[in-house]
Structures are given as C-alpha cells and as structure tokens.
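Colleague: Could you show me how a helix pair and a pocket are read from a model?

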Amino acid sequence: MEETKAFNEKRAEIYWWLSSLFAKELTEQELEAYQTPDIRSFLTGLSENAELKGSVDKVVDALNRLQTREDAQLELAADFCELFLTSDKNAALPYASMYIGESGLLNDKPAQEMAALMEEKGIAIKEGLNEPADHIALELDFLGNMIIRSNELEKLEHINDALLDQKAFIEKYLLSWFPQFKEKCVQHDEFGFYAGVASLLVDFCQLDCAYLGGE
C-alpha cells in the first residue's frame, strides 16, 4: 500500500507539472530552471520508459534549441499565445468543448459537467486560473488532486476503487479530446516545444490508464 501511495505522489506531481505548462507562459526564471540538472534528470527518468521516450525526446530537443533561440522567453510566450490564447484558425485551443460535441465550437456542456464533478468531489477550481472548468490545465490539476485524495484512504480495496475512478476520469474526460488537441499542437507549433509537451501528455495518460487497469 505504501508503495502505491508513493507512486501516486509521483503521478500527481507529473499531472500538476503538465497542468502548469498549459496554465500560463513560462517566465524567464522558469525557463532557466529547465536547463538545470534537476529538471533534466527528471526528464531523463521519464524517458527511461519506452512508451514515453519519443515524446520526452521531442521536449528535450526543443529545450536544447531554446538555449540558442534569440529572445527565447519572449518567443516561447508568443508560441503559447498563438496556440492557446487566440481564436485564429492555427490555434490549438485548450478546451474540451472545442473537440467534443459540435466540432470546433465552444459550448458550455463540457465545462458545466467538469464544474459539477469538481463540486461533487469537493475540489475547487485552481486559484488564479480564470478559465472554464474544461480548460486542460484545470482538468489536469483536478486529476492531481484526485490522486492525492486517494492517498488519504486506509483500506487497500478503497484505494483500488479510487484508482479505477481515476482511470475512468482519464478515459472519459481527458483521452476523449487530448489526442485531437495534440494533433492541433503538432500541426501549428512550428518550434515544437508545446507540441512535444502535448505528445508527452497523451503518451503519459495512455500509459497511466494501462497501469491503472493492471496491464
């Protein structure tokens, strides 16, 4: 049980990290941290899993190229804005409603469903992110909280039930649109950092589902 809880903490940290990348542009200080041994070691650890290696390599390649990119922080912030904050046809808007239901149209249903689930679970919308509940960063933050909440359970059978609940959430609320979102990022992110992150996100969700399903 303790091994499961320790692994859960690592899973939550990864989902929160991915959430932060889609929540806002990276600052100069945050970008510098990505060149430190700690974060590079973290990425190397992820790449040791064969299912994640390809997408991690894309992220690392983009980080390496950022070291010689002129005005790297400003240019990466511009990439973020063009992909996630505009309604341009080349955008990859990070809302479930853009990919579920009426194709390519913002609608309230996914956000309302997600907000209702957050209320049911007693998990508040992430402070400081003024977005509908179906925003990718909020859904990932919510999942991280679900995982940590399950570590408060004392009986193994209850923990197992919680893990299956997490699997169902990933399949219904995340993998129902993350692959399409990733394709948009790959198609429109010329530099490739966010395309790599989106690819890693999909690969990790699929790997996590396999783990939660006992595969």
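Predicted model: local features only at pLDDT ≥ 70, side-chain atom pairs only at ≥ 80, totals over all residues.

Modeller: Residues are numbered from 1 along each chain as its sequence is written, and side-chain values use heavy atoms, with hydrogens and water left out.

Colleague: At what angle do helix α6 and helix α7 pack, and how far apart are their axes?

Modeller: Two packed helices are described by the angle between their axes and the distance between those axes. Here α6 (residues 109-121) and α7 (residues 136-150) pack at about 20°, with axes 12 Å apart, so α6 is roughly parallel to α7 (angles under 35 degrees count as such). Helices are DSSP runs of H or I with at least four residues, numbered from the N terminus.

Colleague: Which residues of α6 and α7 meet?

Modeller: With contact meaning heavy atoms within 4.5 Å, Met 114, Leu 117, Met 118 and Lys 121 in α6 meet Leu 138, Glu 139, Phe 142 and Arg 149 in α7. These residues divide into five nonpolar, no polar and three charged (Ala, Val, Leu, Ile, Met, Phe, Trp, Tyr, Cys and Pro count as nonpolar, Asp, Glu, Lys and Arg as charged, and the others, Gly among them, as polar).

Colleague: Which helix gives the most to the lining of the largest pocket?

Modeller: α1 does, with six residues, and α1 (2-23), α3 (37-47) and α10 (193-212) each supply at least two residues of that lining. By class, the lining of the largest pocket has nine nonpolar, two polar and four charged residues.

Methods
Axes fitted to C-alpha atoms, helices over the stretch in contact; angles between N-to-C directions. Parallel < 35°, antiparallel > 145°, perpendicular 65-115°, else oblique.
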